[in-house]
Amino acid sequence: VADRTANSVTVDVELAAPGHLVLAEAYAPGWQARDEAGRRLPVLRANGIFRAVRLEAGPHTIHFSYFPDSLKLGFYLSFLAGSGWLLLLGVVVWPRLVARRELSAAQRVAKNSVAPMLAQLLGRTVDFGFAVVMLRILGPADYGGYSFAVALIGYFAIFTDYGLGTLLTRELARAPERGEKLVGQAIGLRLVLCAVTFPVLVTVSWWYHLRFGLAQEAVIAGVLFMVSLFPSGVAGVLSARFSAQERMELPAAVGVATAVLRAILGVAALLLGAGV
């Protein structure tokens with residue numbers, strides 16, 4: 001035993017032939033093991049109670065560490081709670097900071113760039129943590145099917161957007177008095193594009209299911225993603241309108257709230273065994 005702490009043990013061992021390193025300490029599901037190259041090794045239960053790893057012949061340095069999934073999930077849920085409180089604090093404090101005085105051109109640019117950037121960073125961090133939890137619970141196969149559905153819907157989302165957000169922001173900035181008419185037309189066009197692409201996506205997903213064995217759960221996930229394009233299309237139009245009014249912090253706040261809520265509901269569904 002080369003080193004030992006409360007939650008880790010490092011063992012130097014040399015085997016004349018392939019075999020097992022048995023550590024006479026209690027086995028628990030939260031224990032992990034890595035070799036000298038940093039590769040993860042399966043931790044086995046030996047003699048009903050001890051920890052063991054399978055090794056090839058030769059010298060090895062094995063590092064055992066205790067880091068259970070419950071602790072990881074607790075960290076992530078604490079992070080989600082902190083993100084929620086940070087969002088609420090921003091909702092309360094931000095309008096007071098902005099409304100105190102007339103902002104200069106440079107201050108308006110900073111307000112409409114810094115807030116979306118920070119919100120996007122926080123939202124991506126929330127999504128990254130959720131992806132880690134999802135991969136851990138679903139496993140590679142189911143997570144692969146889910147990722148395929150996400151990638152597929154990304155292509156169709158490009159088509160249903162069709163550059164309308166940028167166009168609408170430009171036109172509303174030029175002629176604010178036409179706001180209601182332009183917003184109504186953009187929402188109608190986006191909903192039509194979603195309706196047109198819906199059967200195409202179902203057909204493509206089902207073809208992958210029949211031709212390449214894509215799991216049926218992934219096909220259903222793709223259909224649900226397509227359904228979500230209808231409300232997200234409306235949200236995209238409203239975000240463009242706020243951008244034209246130089247109020248980009250509002251879509252940014254909604255984006256963070258959406259990411260946090262999606263992660264909370266997703267983790268709950270996974271822990272309840274709902275699967276993909």
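A: A residue is called buried when its relative accessible area is under 20%, exposed when it is over 50%, and partly exposed in between, with a 1.4 Å probe and protein chains only. This is a predicted model, in which local features need pLDDT of at least 70 and side-chain atom pairs count only at pLDDT 80 or more, while totals for chains, interfaces and linings use all residues. Residues are numbered from 1 along each chain as its sequence is written, and side-chain values use heavy atoms, with hydrogens and water left out. Helices (H or I, at least four residues) and strands (E, at least two) are DSSP runs, numbered from the N terminus.

The part to look at is helix α3, which covers residues 140-161 and has 22 residues. From its first C-alpha to its last, α3 reaches 31 Å, close to the 32 Å expected at 1.5 Å a residue, where the expected span is 1.5 Å times one less than the number of residues. The buried residues of α3 are Gly145, Tyr146, Ala149, Leu152, Ile153, Phe156 and Thr160. An α-helix has 3.6 residues a turn, so residues three or four places apart point the same way. Just after α3, Tyr162 takes a positive phi of about 55°.

The axes of α3 and α5 come within 10 Å and cross at roughly 150°; such axes are lines fitted to C-alpha atoms, for helices over the stretch in contact, and the angles run from 0 to 180 degrees between N-to-C directions. That makes α3 roughly antiparallel to α5, given that angles under 35 degrees count as roughly parallel, over 145 as roughly antiparallel, 65 to 115 as roughly perpendicular and the rest as oblique.

Sorted by class, the contact of α5 with α6 has 19 nonpolar, 8 polar and 3 charged residues; here Ala, Val, Leu, Ile, Met, Phe, Trp, Tyr, Cys and Pro count as nonpolar, Asp, Glu, Lys and Arg as charged, and the others, Gly among them, as polar. The crossing in which α5 passes α6 is right-handed.

An open sheet is formed by 3 strands in the order β3-β7-β6, with antiparallel pairing, and two strands pair if DSSP finds at least two bridges between them. Strands β3 (19-26) and β6 (44-46) stand at the edges with a single partner strand each, so one side of each is left without a neighbour in the sheet. Between β6 and strand β7 (residues 50-55) there are 3 bridges in the antiparallel sense, and Ala46 stands opposite Phe50 in β7. In the loop between β6 and β7 lies Asn47, whose phi is near 55°, a positive value in a residue other than glycine. At 69% relative accessibility, Asn47 counts as exposed.

By contrast, strand β2 (residues 8-15) is mostly covered, with 6 of its 8 residues buried. Strand β2 runs antiparallel to strand β8 (residues 58-66) and is joined to β8 by 8 bridges, with Asp12 opposite Thr61 in β8.

How values were computed: A crossing is left-handed if the near helix is turned anticlockwise from the far one by less than a right angle, and right-handed if clockwise.
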